[in-house]
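Morning, everyone. I have one model to walk through today. Please bring it up on your screens.

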Amino acid sequence: VAVLFPLELISGYLRALTGAMLPEQVADGDKWEGPIKQIVSPLAGRVIKPAKDLIKEIATGKVENCDAYYPVYCVGGIEDYKSCANKCADGQEKGVDCGRVGLITCDKKTGCPAFFQHGATKKDDSISGGICLVLSLIFLLICLMGLVNVLQRGLMGMSTRIIYKATNVPGVVAIAIGAAVTILVQSSSITTSVLTPLVGIGVIQLEQMFPLTLGANIGTTVTGLLASLVSDSVAALQVALCHLFFNISGIIIWYPVPFMRKVPLNGARELGKWTRRSKAIPPIYIITVFFICPLLLLGLSELFVQKKVGWTVLGTIIVIAVVLGIVRFAWWWKRQEGRNQFIACLDKRTARNEAMASLPEDMKFLKGKIAQLAEHTGLPEDEEADEEKAEGTNAAEEAA
């Protein structure tokens with residue numbers, strides 16, 4: 001991101017490249033029908049078809065609510081597209097001379113769906129939408145459970161054998177294997193979570209893990225491409241293509257040249273050494289890289305895009321302060337033994353945490369040794385000594 005984002009701002013190569021790959025029969029802002037939607041739409045259209053025009057009018061504020069579209073009316077009570085959803089001609093009144101539909105409409109090709117009903121009220125359409133939502137969630141859960149079952153029964157064992165063989169193949173082939181496995185499971189997290197323990201136990205070397213991870217980054221873009229093929233927006237397809245070529249561009253920059261390849265590998269090794277020294281390093285790394293830095297950059301960009309003198313001056317001051325802070329931190333880290341001080345702080349924290357974790361066992365061990373010593377020497381135990389002391393105190397009080 002640190003390399004490609006400024007490059008994209010300067011050159012706009014991703015936008016130009018993906019724009020050239022869009023279908024020629026549509027223009028910017030037009031709609032197109034992807035291949036997956038061509039397969040799914042006929043079946044979905046026979047179940048329920050939302051009235052997008054009505055939803056758009058409500059979202060843009062042209063109408064306050066959808067009460068004016070109810071009850072649903074079909075001319076002559078005939079439930080088809082011409083009688084229910086066809087546009088009214090000039091001089092015709094909707095709901096009297098021509099049809100009127102609510103949240104659920106009819107399609108020119110497939111006709112009226114199963115949940116469409118002549119004379120339906122707003123409540124009827126809302127109930128139909130709720131039923132479809134519940135059914136879709138049920139089917140989604142069934143598909144997800146089926147995917148997990150496939151992974152547990154067959155894919156995990158098969159992928160393990162593939163990974164063992166992938167350790168001795170060229171980097172390009174390893175990238176292809178990582179992409180293929182990720183496409184099968186539709187998640188780069190699953191691929192990396194399977195590979196990471198193998199690296200930890202030494203089955204796979206870090207140099208062999210690197211191309212597999214790069215391949216997983218390519219494979220995970222297939223999910224976005226599939227989603228864009230279902231969408232009817234050209235912008236969705238262009239965003240998915242940008243995701244794909246963003247990862248491909250990163251691979252071209254960081255993998256082919258051995259010198260560039262060492263940068264992420266050495267960074268991973270250093271982070272692993274710091275993590276082994278202290279468990280506080282991963283949370284610090286995650287918060288800094290994925291929260292503080294993005295929020296800071298987004299905030300600065302918002303200040304500059306306002307195009308007002310006050311916000312621009314404030315953004316400039318913050319940028320100067322951040323740069324000076326980074327320079328000061330680098331000077332402290334390199335020249336003032338900041339690294340050694342930080343290591344000493346981590347070691348001290350780790351020793352304290354280990355001492356606190358082992359404290360209950362140490363106390364139990366000491367109590368056992370004290371009990372053995374008391375039994376060997378004949379000294380009274382703590383409870384017996386306390387009882388004798390209490391009896392002696394009571395006797396002294398009675399005598400007084």
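Let me start with a definition: a disulfide here is a pair of cysteine sulfur atoms within 2.5 Å. Two housekeeping points before I use it. This is a predicted model, so to speak of local features I need pLDDT of at least 70, side-chain atom pairs count only at pLDDT 80 or more, and totals for chains, interfaces and linings use all residues. Residues are numbered from 1 along each chain as its sequence is written, and side-chain values use heavy atoms, with hydrogens and water left out.

Now the overall picture. The chain has 16 helices and 0 strands. Those are DSSP runs, numbered from the N terminus: helices are H or I with at least four residues, strands are E with at least two. Of the 400 residues in the chain, 24% are buried. Buried means under 20% relative accessible area, exposed means over 50%, and partly exposed is in between, with a 1.4 Å probe and protein chains only. Take contacts between residues at least 6 apart in sequence: 65% of them join residues at least 24 apart. Contact means heavy atoms within 4.5 Å.

Back to the disulfides. How many does a search of the whole structure find? It finds 2. One joins cysteine 106 to cysteine 112, S to S 2.0 Å. The torsion about that S-S bond is about 90°, so the disulfide is right-handed. Cysteine 106 is buried, at 3% relative accessibility.

Cysteine 74 and cysteine 84 form a disulfide too, with the sulfur atoms 1.8 Å apart. That link is right-handed, with 115° about the S-S bond. Cysteine 74 lies in the loop between α4 (52-59) and α5 (81-84), and cysteine 84 in helix α5, so the pair ties together parts that are 10 residues apart in sequence. Are these two cysteines buried or exposed? Cysteine 74 is buried, at 0% relative accessible area. Cysteine 84 is buried as well, at 1%.

Next, the core. A nonpolar core is a set of buried Ala, Val, Leu, Ile, Met, Phe, Trp, Tyr and Cys residues joined through side-chain atoms within 4.5 Å. The largest one has 15 residues, and Cys84, Cys106 and Phe116 have the most contacts inside it. Apart from it lies another core, of 7 residues, including Leu14, Val234, Leu241 and Phe245. Leaving aside neighbours within four places in sequence, the contacts of cysteine 84 include Cys106, Cys112 and Phe116.

Now a charge without a partner. Aspartate 125 sits in helix α6 (residues 122-166). Aspartate 125 is buried yet has no salt bridge. The nearest side chain of opposite charge is arginine 100, 10 Å away. Lys and Arg count as positive, Asp and Glu as negative; His and the chain ends are not counted. A salt bridge needs a side-chain nitrogen of Lys or Arg within 4 Å of a carboxyl oxygen of Asp or Glu. Beyond four places in sequence, aspartate 125 is in contact with residues including Tyr70, Val72 and Ile104.

Which salt bridges do we get? The search finds 3 in the whole structure. Lysine 49 meets aspartate 107 at 3.5 Å, N to O. Lysine 49 is in the loop between α3 (35-47) and α4, aspartate 107 in the loop between α5 and α6, 58 residues apart. Arginine 269 pairs with glutamate 207, the closest N and O atoms being 2.1 Å apart. That pair links helix α12 to helix α9, 62 residues apart. Arginine 277 pairs with aspartate 347, with 3.0 Å between the closest N and O atoms. Arginine 277 is in helix α12 and aspartate 347 in helix α15 (residues 338-377), 70 residues apart.

Last, aromatics. Rings of Phe, Tyr and Trp (its six-membered ring) pair if their centres lie within 6.5 Å; planes under 30 degrees apart are stacked, over 60 edge-to-face, the rest tilted. The structure holds 8 such pairs. For phenylalanine 210 and tyrosine 255 the centres are 5.8 Å apart and the planes at 50°, so the pair is tilted. Both phenylalanine 210 and tyrosine 255 are buried. Tryptophan 274 and tryptophan 333 are also tilted, 6.0 Å centre to centre and 45° between the planes. Ring pairs link Trp274, Phe329, Trp332, Trp333 and Phe342 into a cluster.
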